[in-house]
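Student: I would like to go through this structure term by term. Please set each value against its definition.

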Amino acid sequence: MGSAGHRGDLSMADVPKAGRRKRRLALASLMGVAGLVAGTLVFQARSRQQAHMDLETALAQLLPRAISWAQGVAADAAARGTSLEPSGLADASTVGVQRPESIRVLMIDRLPIPSDLDLQRAALRTGLLGPDAAGLTLGYSILIRHGHFSRRLLSHECRHVAQYEQVGSLESFLVSYLSSIIQVGYWDCPFEQDARAHELPDT
Ligand SMILES: [Zn+2]
């Protein structure tokens, strides 16, 4: 800020002092705000860590139930689903599936939600079975909600099948997949990043 010019000795002596006082006050309140923000951040980090630990503990407790739920859903989709069309088989191979002929796709109105309330809460909390979810892959079983079928979604889900083949069993896959979702969240989970990277364009 520029000087307002000379207005006599008194004002010349006083203005800088007042300015310093103002600056000191401003600095003090800024530090107060900074302290408050830092405190809030530490608190948030702590509660995030707490929530994270809660989820990990919950996962350990829920895993056996989650696995048996997933096995049931996968078996139902395997029994009622249909195998892929030739174009789907080719796309599944393209995204790395070793046995595309084993894939079954079941079209449904809504993705199944576990009746077990603890499991239900965890699934919704991790964003796994949120209202936005359009597809779910469990082993070779792919569930897709009516109105959401597309080459892009199918190739994404097929890539999850390829991941499942790499890990070897539904059980091991769920352990790795759910742990990573808990650690970094749905979007940043490496399995999801990998599936997104393998999506084939809609034609
Ligand atoms: Zn996915």
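Tutor: Helices (H or I, at least four residues) and strands (E, at least two) are DSSP runs, numbered from the N terminus. On that basis the elements run α-α-β-α-β-β-α-α-α from the N terminus on. The total is six helices and three strands. This is a predicted model: local features need pLDDT of at least 70, side-chain atom pairs count only at pLDDT 80 or more, and totals for chains, interfaces and linings use all residues. Residues are numbered from 1 along each chain as its sequence is written.

Student: What is the average pLDDT of the protein?

Tutor: pLDDT is the predictor's confidence in each residue, from 0 to 100. The protein averages 82, and 75% of the residues score at least 70. Residues 1-16 stay under 50. For that stretch the model has two contacts beyond four places in sequence. Two residues are in contact if their C-beta atoms, placed from the backbone, lie within 7 Å.

Student: What makes histidine 156 buried or exposed?

Tutor: The count of neighbours decides. A residue is buried if 20 or more other C-beta atoms lie within 10 Å of its own, exposed if 12 or fewer, and partly exposed in between; C-beta atoms are placed from the backbone. Histidine 156 has 23 C-beta neighbours inside 10 Å, so it counts as buried. Histidine 156 sits in helix α4. Leaving out residues up to four places away in sequence, it touches Ala195, Arg196 and Glu199. Its C-alpha is 8.4 Å from that of valine 95, which is 61 residues away in sequence.

Student: And why is glutamine 61 called buried or exposed?

Tutor: Glutamine 61 has 12 other C-beta atoms within 10 Å, so it is exposed. It belongs to helix α1 (residues 9-80). Its C-alpha is separated by 9.9 Å from that of leucine 119, 58 residues apart along the chain. Over the protein, buried residues make up 24% of the 203 residues.

Student: How do you know which span to expect for α5?

Tutor: The expected span of a helix is 1.5 Å times one less than its number of residues. Helix α5 (residues 170-184) has 15 residues, so it should span 21 Å. Its end C-alpha atoms are 21 Å apart, which agrees.

Student: Which residues of α5 are buried, and how are they arranged around its axis?

Tutor: Phe173, Leu174, Tyr177, Leu178, Ile181 and Ile182 are buried in α5. Seen down the axis, they fall within an arc of 150°, so they line one face of the helix. The arc is that of the directions from the helix axis to the C-beta atoms. Glycine 185 follows α5, with a positive phi near 90°.

Student: Which residues are buried in helix α3?

Tutor: Leu119, Ala122 and Ala123 are the buried residues of α3 (residues 117-125). Their arc down the axis of α3 is within 100°, so they line one face of the helix. Just after α3, glycine 127 has a positive phi of about 80°.

Student: Which residues face each other across the bridges to β3?

Tutor: Among them, valine 105 stands opposite isoleucine 142. Arginine 104 has serine 141 as its bridge partner. Leucine 136 has leucine 143. The hairpin of β2 and β3 has two residues between the strands, and glycine 139 there takes a positive phi near 65°.

Student: What makes β3 mostly covered?

Tutor: Four of its five residues are buried.

Technical notes
Pairing = 2+ DSSP bridges.
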